[in-house]
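This report describes how some parts of a protein model pack together. Please look over the sequence and the structure before reading on.

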Amino acid sequence: MHPIFSNAPAFRSGRLTAAALCAVAAVCATPAAYAQDVFPSRAITVVIPFPPGGINDNVARPALKKMGDLLNVSFVAENRAGASGTIGTGAVARAKPDGYTLLLGAASTMAVVPNMMKAAPYAPMKDFVAVGGLASVPSVLISARKDLYPNYAAVLAAAKQTPDRLTFGSAGAGTSHHVQMTFLNQQSHVSMLHVPYKGSGPAMADLLGGQIDFLMDPLPTTLPQVQGGKVVPIAITSAKRSPLLPNVPTFVELGVKDFVVTTWFGFFAPAGTPPEIVAKLSSTLKEALADPEVVKNMEQRGLDPMYKPSADMGEYLAKENTLWKRVIAETKMALE
């Protein structure tokens, strides 16, 4: 037999086998290829632009845990502090827009500080897309000097007697602690000195140590200190008294007209993140904030769930920027 004929069957068989193997490989690879396109397929990093221990570090955890359960992935909180929250926020603005890097944004980092800086490292409405609203929370004016400042009348008397002597701390220039106390100074016609820290944890530590006189701190981080008897709660910034601190009056009750302010939080993704990924994250956040256990956890710590879908949160952010730009100009607030 001619060699070509004797080899032909083997050649054809080998060619068919190779083709078959390629087909099988393609079929086997297809599910994996599709699986890679399913979001999310790995852990999601949530950048918290402040140090551990403050309100920013704690506000998101109940919702993130539930979101992780719903999506069957881990949400990893990463504290990246500095420059009044602008370092971590700016890092997310420059991150790959694939849904795997998110920001815990707040009123301070997304509406106040950018309007106080001449050259902010990010533009909130240009560099981010809102995923959704998370929570809002009132603040409480507190002091560790119960003997000197048992109530707001005592605070006012001391502030008027010695202008620029009393001090208040903050988690950094432009944070809720700073902004709300600046408003209070303005509306109460007094002058207290601002001492900025790199996070509310260090500010609280110095308050307890007697290095500063006051802190206008969000309710969730204030509550343990009040319950432990370490600080005296003087007044709260909500419209009504909190059921968690029923004996603490509101500033409105004390005669500080229209002084009702809260701090809000939300999740944001880098601009350019695919709409379908934003929508999936937003719907998952909505489901998480509808869970009774998550709601109970948040409310027990003084947080008010504030879900807003992506578009609504984007509109809310725009309004907040307009508001704070005007207020900053009126009060002449500046970054120290």
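## Helix 8 against helix 13

Helix 8 passes helix 13 in a left-handed crossing. This is a predicted model. Helix 8 covers residues 176-188 and helix 13 covers residues 310-331; their axes come within 11 Å and cross at roughly 50°. An angle between 35 and 65 degrees is neither roughly parallel nor roughly perpendicular, and helix 8 and helix 13 are therefore oblique to each other.

On the side of helix 8, the contact is made by Val-179, Thr-182, Phe-183 and Gln-186. Helix 13 contributes Trp-324, Val-327, Glu-330 and Thr-331. Sorted by class, the residues in this contact are four nonpolar, three polar and one charged.

## Helix 5 against helix 13

Helix 13 also packs with helix 5, which spans residues 107-116. Here the axes are 8 Å apart and the angle is about 40°. Helix 5 and helix 13 are therefore oblique to each other, and helix 5 passes helix 13 in a right-handed crossing.

From helix 5, the residues involved are Met-110, Ala-111, Val-112, Asn-115 and Met-116. They meet Leu-317, Glu-320, Asn-321, Trp-324, Lys-325 and Ile-328 of helix 13. This contact has seven nonpolar, two polar and two charged residues. Trp-324 of helix 13 takes part in the contact with helix 5 and in the contact with helix 8.

## Val-256 in a loop

Val-256 lies in the loop that runs between strand 8 (232-236) and strand 9 (262-270). Its relative accessible area is 5%, under the 20% limit, so Val-256 is buried.

Gln-187 is 69 residues away from Val-256 in sequence, yet their C-alpha atoms are 6.7 Å apart in space. Beyond its neighbours within four places in sequence, Val-256 is in contact with Tyr-152, Leu-184, Gln-187, Ser-188 and Phe-251.

## Nonpolar cores

The largest nonpolar core holds 47 residues. Within this core, the residues with the most contacts are Val-59, Phe-75, Leu-104, Leu-134, Phe-267 and Leu-281. Strand 4 (residues 128-143) supplies the largest share of the core, six residues.

Leaving out residues up to four places away in sequence, Leu-281 touches Phe-39, Ile-44, Met-67, Leu-71, Phe-75, Gly-99, Leu-102 and Val-131.

Key. Residues numbered from 1 in each chain as written. Predicted model: local features only at pLDDT ≥ 70, side-chain atom pairs only at ≥ 80, totals over all residues. Heavy atoms only, no water. Axes fitted to C-alpha atoms, helices over the stretch in contact; angles between N-to-C directions. Helix = DSSP H or I, 4+ residues; strand = E, 2+ residues; numbered from the N terminus. Parallel < 35°, antiparallel > 145°, perpendicular 65-115°, else oblique. Left-handed = near helix turned anticlockwise from the far one by under 90°. Contact = heavy atoms within 4.5 Å. Nonpolar A, V, L, I, M, F, W, Y, C, P; charged D, E, K, R; others polar. Buried < 20%, exposed > 50% of the residue type's maximum accessible area, 1.4 Å probe, protein only. Core = buried A, V, L, I, M, F, W, Y, C linked by side-chain atoms within 4.5 Å.
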